[in-house]
Amino acid sequence: MNVSTFLCRVSPLLFAILAFPAITRAEPATPIQVEQTGKLAEAYFAAHPEQIGETIATYLAEHPEFLVAAGESLRQRQQIAQQQAIVQNVVIHRDRLLAAGDPDVGPKQAKAVVVSFVDEKCVNCNVTQALIDANPDVRFIFKKLPAAGSSEKAFQDNMMLLKQVGFTNIPTFIVLPQEENPVIQRISVMSGKISSDALIMAIQKAKG
């Protein structure tokens, strides 16, 4: 990789390194200042390429908060990408998620459906009777997952489906429109200890 290409890739970091101390002590930099600082940084490191690694390492050692912020930003982007991938998998496996055979309550042709992946020994888990009673127009499907030592094939199939969607934790909740080609923006995927309020919000979103 030549110096010019490298500078194009690291120029945002170079600007942060040179401008961050000044910006934190004064008013936010203007677009012109940002451009000028970037050009100065590129010119300097084009003339002194050996200084790039040392300068970046020194700055990061003195300003670890920069790494923390960058790490948090990366984590958030990864979470968003993971959520998007799971939602796409929900669409792919829609027919299996809604297929008959698992315990369910509510209208078969409901506009919105809540699919719950729960331990086989759990009755309703986070989906309480009060939530069901408050949403009589919603279909609730309970896909039981095998407990330790269980050989129930239907439960094993549900576990495989859960992994194919992209989840490993239980309980897991998928709330989606029951229409044939659901709008992905109206699909919600959640796992862990989810409140009734969160499920209600997801149901309303699924209804449109």
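**The sheet**

Five strands form an open sheet in the order S1-S3-S2-S4-S5, and the pairing is mixed. The edges are held by strand S1 (104–105) and strand S5 (188–191), each with a single partner strand, so one side of each is left without a neighbour in the sheet.

Before I go on, this is a predicted model: local features need pLDDT of at least 70, side-chain atom pairs count only at pLDDT 80 or more, and totals for chains, interfaces and linings use all residues. Residues are numbered from 1 along each chain as its sequence is written, and side-chain values use heavy atoms, with hydrogens and water left out.

Two terms are needed already. Helices (H or I, at least four residues) and strands (E, at least two) are DSSP runs, numbered from the N terminus. Two strands pair if DSSP finds at least two bridges between them.

By that count, the protein chain has eight helices and five strands. Read from the N terminus, the elements go α-α-α-α-α-β-β-α-β-α-β-β-α.

**How the strands pair**

Now the pairs. S1 and S3 run antiparallel and are joined by two bridges. There, Asp104 has Ile141 in S3 as its bridge partner.

S2 and S3 run parallel, with eight bridges between them. Among the residues involved, Val118 is opposite Lys144 in S3, and Asp119 is opposite Leu145 in S3.

On to S4. Strand S2 (residues 112–119) and strand S4 (residues 172–177) are antiparallel, with six bridges. Val115 faces Ile174 in S4, and Ser116 has Phe173 as its bridge partner in S4.

**What is buried**

How much of the protein chain is buried? Of its 208 residues, 36% are. Buried means under 20% relative accessible area, exposed means over 50%, and partly exposed is in between (1.4 Å probe, protein chains only).

In S3, eight of the eight residues are buried, so this strand is largely enclosed by the rest of the structure. In a regular strand the side chains alternate between the two faces of the sheet. For S3 both faces are covered: Val138, Phe140, Phe142 and Lys144 are buried on one side, and Arg139, Ile141, Lys143 and Leu145 on the other.

S2 has seven of its eight residues buried, so S2 too is largely enclosed by the rest of the structure.

**The helices across the sheet**

Which strands does helix H7 lie across? Helix H7 (residues 153–165) lies across S2, strand S3 (138–145) and S4, and runs at about 110 degrees to S3. Helix H8 (residues 196–207) lies across S2, S3, S4 and S5, at about 25 degrees to S4. For these angles, axes are lines fitted to C-alpha atoms, for helices over the stretch in contact, and angles run from 0 to 180 degrees between N-to-C directions. Contact means heavy atoms within 4.5 Å.

Of the contacts in the protein chain with a separation of 6 or more, 68% are between residues 24 or more positions apart.

Take one residue as an example. Ala112 is in strand S2, and at 0% relative accessibility Ala112 counts as buried. Apart from neighbours within four places in sequence, the contacts of Ala112 include Val138, Arg139, Leu176, Ile203 and Ala206. The C-alpha atoms of Ala112 and Gln178 are separated by 5.4 Å, although these residues are 66 residues apart along the chain.

For contrast, Gln204 is in helix H8, and at 43% relative accessibility Gln204 counts as partly exposed.

**The pocket**

Last item. On a 1 Å grid over the protein atoms alone, a pocket is an open set of points where a 1.4 Å probe fits, with protein on both sides within 12 Å along at least five of seven lines; lining residues have an atom within 4 Å of a point. Grid points are joined across faces, edges and corners, and a volume is the space filled by probe spheres set on the points.

The largest pocket holds about 150 Å³ of space. Its lining residues include Arg96, Asp102, Lys143, Phe155 and Asp157. H7 gives the most to this lining, with five residues.
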